[in-house]
Amino acid sequence: MTGTVFDIGYRSYTGPREGRGRARRAVFHDGVRIALGLGRGPRALILPWFFIAVLCVIALVMALIAGAAERMGGPGAAQQLDLPSHNDYYAIASLILFVFGAVVAPELLCRDRREGVIQLYLVRPLSGSDYIVARWAAFLAVMVAAAWLPQVILLLGLAAGDPNPGQYLRQHWLDIPRFLAAGLAMAAYITSLAMLTASFTTRRAYAAVFLVGLVVITAPFTVGLSQEIGGTAGQWISMFTLTNIPVHVNDILFREISELTEDAPAGQLPEWIRVSWYFVWTLVPAAALWWRYRRLTP
């Protein structure tokens, strides 16, 4: 028995082998592009950029109103009128940020599982932990950008609207690290909850509807019940208002109570309890997400 060997031009790969680090960065980069709808046609761009535009418009309107007040009423008029500023922005935009996370996060996980693409990702050297950490970090980066960009617009708008922009920046420079820290806290909280919810289904719509429904249904219940019962029990029931959890951290960072949480009984609890509660709701979902993916194999 004889055979013939044909040389059809295949060659061994001779380029650099960059290992797990390169694979993680590729999944992270791909996750950022998916979340922003880049490279997937015009329809994929609509949702993420619509929400980012709405968040920026809110900040721009706040800056224009404050600037008009400063011009008409003189320096300090916006503060005297108690117009919303950096400490109020995340409270005003928290629900929009939450819906943004609920709608966009499933794009990073559901499609990979439904179409079986995750099996291709999980070949060596990439592990399940590498994949989910890279995806979580990618969506966190997008959420941080969505939270910080409007605050930067608001800062520039407020400075431009002030008769003396340089003096305004010198007086309010501490707002910058505060809104950066508060935005990071809100982004990490929403990212963990939204990604964990998306990990339970292959349908993006199911994950989005469940998380938005959970927020919409529980908020009136916890607010009404906490005010009706009052006392320590009411304060703890108020802690289960999901949109308020990162806003309490925002209030602590700015040393001011926002309009969203000024009537919340949870605001009467000590600061360390509210901060610890935030970390529980951020780190436990993140750990549960990692736990679900850590043993995935091709």
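In this predicted model, α1 (19-36), α2, α4 and α10 (204-229) each supply at least two residues to the lining of the second largest pocket. α2 makes the largest contribution to that lining, with five residues. The space in the second largest pocket comes to about 290 Å³. Its lining consists of 15 residues, and Arg43, Ala44, Leu47, Glu107 and Arg204 are the closest to the centre. Sorted by class, the lining of the second largest pocket has ten nonpolar residues, four charged and one polar.

The helices named so far belong to a chain with 13 helices and zero strands. The C-alpha trace spans about 100 × 50 × 35 Å along its principal axes.

α2 deserves a separate look. This helix has 32 residues, and 45 Å separate its first C-alpha from its last, close to the 46 Å expected at 1.5 Å a residue. After α2 comes glycine 74, which has a positive phi, near 95 degrees.

α2 also takes part in the largest pocket, where it is one of the elements that give two or more residues to the lining; the others are α3 (77-80), α4 (86-104), α8 (165-172) and α9 (175-198). The largest pocket holds about 740 Å³ of space. Of the 29 residues that line the largest pocket, Ala78, Gln79, Ser85, Tyr168 and His172 lie nearest its centre. The largest share of this lining comes from α8, which gives four residues. By class, the lining of the largest pocket divides into ten nonpolar, ten polar and nine charged residues.

In an unreviewed entry, UniProt annotates residues 46-69, 89-110, 131-159, 179-198, 205-223 and 275-293 as "transmembrane region". Two of these spans can be described from the model. Residues 131-159 are 100% helix and 0% strand, and the end C-alpha atoms of that span lie 42 Å apart. Residues 205-223 are likewise 100% helix and 0% strand, with end C-alpha atoms 27 Å apart.

The remaining topic is contact between aromatic side chains. A pair of aromatic rings is described by the distance of the centres and the angle of the planes. With ring centres required to lie within 6.5 Å, the count comes to 13 aromatic pairs. For tryptophan 236 and tryptophan 277, the ring centres are 5.7 Å apart and the planes stand at 80 degrees, so this pair is edge-to-face. The pair links distant parts of the chain, since tryptophan 236 lies in helix α11 (residues 231-238) and tryptophan 277 in helix α13 (residues 271-293), 41 residues apart.

Note on methods: Residues numbered from 1 in each chain as written. Predicted model: local features only at pLDDT ≥ 70, side-chain atom pairs only at ≥ 80, totals over all residues. Heavy atoms only, no water. 1 Å grid on protein atoms, 1.4 Å probe; cavity = no way out; pocket = protein on both sides within 12 Å on 5 of 7 lines; lining within 4 Å. Points joined across faces, edges and corners; volume = space filled by probe spheres on them. Nonpolar A, V, L, I, M, F, W, Y, C, P; charged D, E, K, R; others polar. Expected span 1.5 Å × (residues − 1). UniProt positions renumbered as here; feature names shortened; annotations may be inferred. Phe/Tyr/Trp six-rings, centres within 6.5 Å; stacked < 30°, edge-to-face > 60°.
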